[in-house]
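Welcome! Please take a moment to look over the sequence and the structure, and then we will walk through a few parts together.

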Amino acid sequence: MTTATKKTDKRKLSEPIALQSVMGMRDILPNEQAYWQQVRKVLEHEAEEYGFSRIDTPILELESLFNSAIGKNSELIKDELYTFSSRGNDMVALRPEMTSGKVRAYIEHGMSALTNPLKLFSIGSNYRYDKPMEGRYREFFQADFDIFGELDPVLDAQIIQVAHRVLEKLEIKNIQFSVNSVGTPESAKSYSELLIAYFESNKSKLPSKYRDMIDTNPMGIFDSKDDKVIQVCASAPQAIDHLDKESREHFKSFLEYLDELDLPYVIDPQLVRGMSYYTRTVFEIFSIDEDGNKYALGGGGRFDRLINDLGGEHTPAIGFSFGLDRLILEMKRIGVKGYEPQVPRVYLAQLGELAKKKSLKVFAEVENAGMLVAESFGRGNLREQLRQANKIGVDIALIIGQKEALDGTIIVKNMVSGIQETISRKKVVSVLEIELKSAENFRKKNGQVRRVVGSVIKKRINRTHRNRKKS
Ligand code: AMP
């Protein structure tokens, strides 16, 4: 037994390691990355197209931020927030959503002084201690779009347009926006009283967890996924019937914009959101299958009071988040492909120690000229390397053998025609550009051009042979 093995064994005895990820959290393996890359690419592109600036805020914030922003009585805070005391005894929490941190940063950095409206985009992980199941994880990823500083309902419609555009680009076609208005805290006050009275009279039908919410967060009960609760909520008074005049007008105007944009929406009077900071417009984004099953992909709404409530200037705002995990599940369900990376068209093979050294430089030069190069520097066998080049399907193989390493040349082998020539290493980029073009033409025009390409290359080879003979 080697010393290294002995050491490993000793550690195994003293600290057993459970080789599994934490419940509800998972590894995203290389074979999954094509989807993640595609989703990120589309989201980042659309964020840029619509004028959003990227902002990254920490995953960890003071717990008090989430309590104040999301509401102490919300299910998200009471049951799902990951909190702990840091070594310095600060009570901190892993972010369960991204808006709270963004608003904290907006106030902290005096962003109200920047041009309005200010559009901010984030992408990253969130944490909720929820019951894990497919599509519901304890660590999950969101992309968050927020617009600060504008009350006009045209922005409510624009934010839906952004979401719609992202889904279109991801080829998720059968979508629906459920929209509602929850009014303002003032209009919600009289509505809350009606709601409390309704839930009180139906208290016996509610599970105990929800009975406790009747007085503290009656609207939050609508956010439940529990069938019994959903049944009780079905006949409850609706916020939309109790809106103040401005909220009603805002909602009407928002719907007119949606009609104008021809966006697929339905009004869902039962719709409320898990965070208590929402005012007026709220919405959720669904994908729908052939049987009418709905898959929640994202949601959002206005948070006109939140910046002020957290100590900033009065600043209306609206935003939404997409769940990346859900977008990917949906892409897979409907059979959309992930990102397809470019396949290298050039392979760099080498033989011998000196050739390996020269290869590193050639690799950098070719890659710097914008061409993707595959290589296998660890392998010494030329046949094996060329076999790999064939497997990848490259158009050109560059070969540096012992002789080429010494005399400053390189072999350029056209894998399409099978013809090769030896050139000066200094010319590698310019010759490659020509060769790649001719290989492409060869592929496009097929047999027709074979002779032409072949003869051009043959001429060059003959020239190279002549030059070799001379030297
Ligand atoms: P919310 O922040 O609760 O409004 O959720 C917005 C979107 O994030 C949802 O529509 C889901 O797509 C996604 N999401 C929320 N919670 C989870 C979770 N636990 N696991 C995976 N995705 C989630």
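Helices α6 and α11 cross each other in a right-handed way. Keep in mind as you look that this is a predicted model. To find the pair, look for residues 153-169, which form α6, and residues 245-261, which form α11.

Two packed helices are described by the angle between their axes and the distance between the axes. Here the axes of α6 and α11 come within 8 Å, and they cross at roughly 40°.

## Who surrounds the ligand?

## Contacts with the ligand

Let us look at some individual atoms. Arg128 places a polar side-chain atom 2.8 Å from an oxygen atom of the ligand. With Tyr137, the backbone takes part: one of its N or O atoms lies 2.9 Å from a nitrogen atom of the ligand. Gly135 also uses its backbone, with a polar atom 3.4 Å from a ligand nitrogen.

How much of the ligand does the protein bury? Taken alone, the ligand exposes 480 Å², and the protein buries 91% of that.

## Two loops to visit

Finally, here are two backbone details to find in the loops. Asn116 and Pro117 are joined by a cis peptide bond, with omega at about -10°. You will find Pro117 in the loop between α5 (99-108) and β5 (118-127).

The other detail is at Glu171, in the loop that runs between α6 and β7 (175-181). Glu171 is not a glycine, yet it has a positive phi of about 65°.

Note on methods:
Residues are numbered from 1 along each chain as its sequence is written. This is a predicted model: local features need pLDDT of at least 70, side-chain atom pairs count only at pLDDT 80 or more; totals for chains, interfaces and linings use all residues. Side-chain values use heavy atoms; hydrogens and water are left out. A polar contact is a pair of N or O atoms within 3.5 Å; within protein, one must be able to donate a hydrogen and the other to accept it, and residues adjacent in sequence count only if both atoms are side-chain atoms. Accessible areas come from the Shrake-Rupley method with a 1.4 Å probe; for residues, only the protein chains shown count as cover. Axes are lines fitted to C-alpha atoms, for helices over the stretch in contact, and angles run from 0 to 180 degrees between N-to-C directions. Helices (H or I, at least four residues) and strands (E, at least two) are DSSP runs, numbered from the N terminus. A crossing is left-handed if the near helix is turned anticlockwise from the far one by less than a right angle, and right-handed if clockwise.
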